[in-house]
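User: I would like to learn how to read helix packing and protein-DNA surfaces. Please take me through an example.

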Protein chains: 2
Amino acid sequence: MSGINRKRENLLTSMAAHVLEHGLTTASLRPLAKAAGTSDRMLIYHFGDKEGVIAALLSYLAEGFTAGLDAMVPPQRFTSQGALLTAIVAAMRAPMAAGYARVWLEIVAASARGEVAYARTGGAIIDGFVDWVQARLPEGAQPRDARALLTVLEGVMVMDAVGHGDVADAAVAWVCRTSADGSGDGGK
Amino acid sequence: MSGINRKRENLLTSMAAHVLEHGLTTASLRPLAKAAGTSDRMLIYHFGDKEGVIAALLSYLAEGFTAGLDAMVPPQRFTSQGALLTAIVAAMRAPMAAGYARVWLEIVAASARGEVAYARTGGAIIDGFVDWVQARLPEGAQPRDARALLTVLEGVMVMDAVGHGDVADAAVAWVCRTSADGSGDGGK
DNA sequence: TCATGAATGTAGCAGTTGCTACATTATCGG
DNA sequence: CCGATAATGTAGCAACTGCTACATTCATGA
């Protein structure tokens, strides 16, 4: 498990750094190889074909993404949906997260284009993210609360991307307003 | 103003159809030209360079997008944010809108990548969309209500793209729940 | 009619793409 | 030490990219 896997790991680490800076869907083999200190020939050798390279990069980035989330918003119960959303938005707007945000939106766009590998990874990230949010909501919060919050968060990322953080702020404020008096309204 | 502009219009119409089916950022001159019944040579001649072609296509698509919105959700005052959001989501999920949704997410991703032409167009579309939403909310609704609703809508599009319409539905339901008892809560 | 400009066709260039064929070196078990 | 397998280098192919040079046709006004 050591040699070959460590080699792949090293390659993926270097390539992921390159992707976080230059984008994923526009990445081609030779620049990726150069960033990893090897040749396109070797990437094909190790990953089969470009699709394999991208697939490996996708799961590697997904891992790093969820790990980074834990680092930025530690696992504590927040007092309301609004408080949690505010914290996440602040974290996502930190410069450190910019690369991931960029790649995430590339994954979304590729999914919309029908690229199944991207859609699968994107769906998996959302799945994990829902649980991640749920674990940070107040004890009584329902799954639907986590889902709603996450949807708003995605909208915030879109708005930020097109330079309308102000519009996104209105949504965050709205969530804060409607969730301030406790998150569980008992349904209906 | 007739000849040359009509020619450009015809080219743009054909190319836009191609883009709505095959994507914008991956579009290259020769396929675009073929779709328009001409040659890459002529696209450069009419639009200067590829950047000019893309810019023209972007504004042309933006026009068609806002026009299509009016057709799908006529300008009437809805009774609540939830009712309006439900109507828009239904419209955006119609097969007819799939191409626009795809292109829109491409614009978002390109904006996140720092491509200024895309970010400018994307921002302008959001600006127009905010007004469009506001005009359909109840009389007393505040601008922040339109902004919040629009942010949620963008989140819905992201979720739909990665195959998690169920998560998006939770957000729509949540908006319906919290806006059912009248949209103007007087602030705070 | 004819000259001038716009409009279009043909060929091609230099660069990038993913990928492959072939040869060479490195490594390690016997 | 040696033979097999893994790992890597070198060169290149065919397709595509945006774009250009050059030649030609077309229309239109003097």
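Analyst: We look at one helix pair, then at the DNA surfaces. This is a predicted model, where local features need pLDDT of at least 70, side-chain atom pairs count only at pLDDT 80 or more, and totals for chains, interfaces and linings use all residues. Residues are numbered from 1 along each chain as its sequence is written, and chains are lettered from A and ligands numbered from 1 in the order in which they are written.

User: How do the axes of H4(A) and H7(A) cross?

Analyst: Two packed helices are described by the angle between their axes and the distance between the axes. Here, helix H4 (residues 50-72) and helix H7 (residues 116-134) of chain A have axes that come within 11 Å and cross at roughly 15°. H4(A) and H7(A) are therefore roughly parallel (angles under 35 degrees).

User: Which residues of H4(A) and H7(A) meet?

Analyst: Contact means C-beta atoms, placed from the backbone, within 7 Å. In H4(A), the residues include Leu58(A), Phe65(A) and Leu69(A); in H7(A), they include Ile125(A), Gly128(A) and Trp132(A). By class, this contact has ten nonpolar, four polar and no charged residues.

User: Which residues come nearest to DNA strand D?

Analyst: A residue is near a strand if its C-beta atom, placed from the backbone, lies within 6 Å of it. Of 16 residues around DNA strand D, Arg41(A), Ser28(B), Leu29(B), Asp49(B) and Lys50(B) come nearest. The surface divides into six nonpolar, four polar and six charged residues.

User: How many residues surround DNA strand C?

Analyst: There are 15, with Ser28(A), Leu29(A), Arg30(A), Asp49(A) and Lys50(A) closest. They divide into six nonpolar, three polar and six charged.

Note on methods: Axes are lines fitted to C-alpha atoms, for helices over the stretch in contact, and angles run from 0 to 180 degrees between N-to-C directions. Helices (H or I, at least four residues) and strands (E, at least two) are DSSP runs, numbered from the N terminus. Angles under 35 degrees count as roughly parallel, over 145 as roughly antiparallel, 65 to 115 as roughly perpendicular and the rest as oblique. Two residues are in contact if their C-beta atoms, placed from the backbone, lie within 7 Å. Ala, Val, Leu, Ile, Met, Phe, Trp, Tyr, Cys and Pro count as nonpolar, Asp, Glu, Lys and Arg as charged, and the others, Gly among them, as polar.
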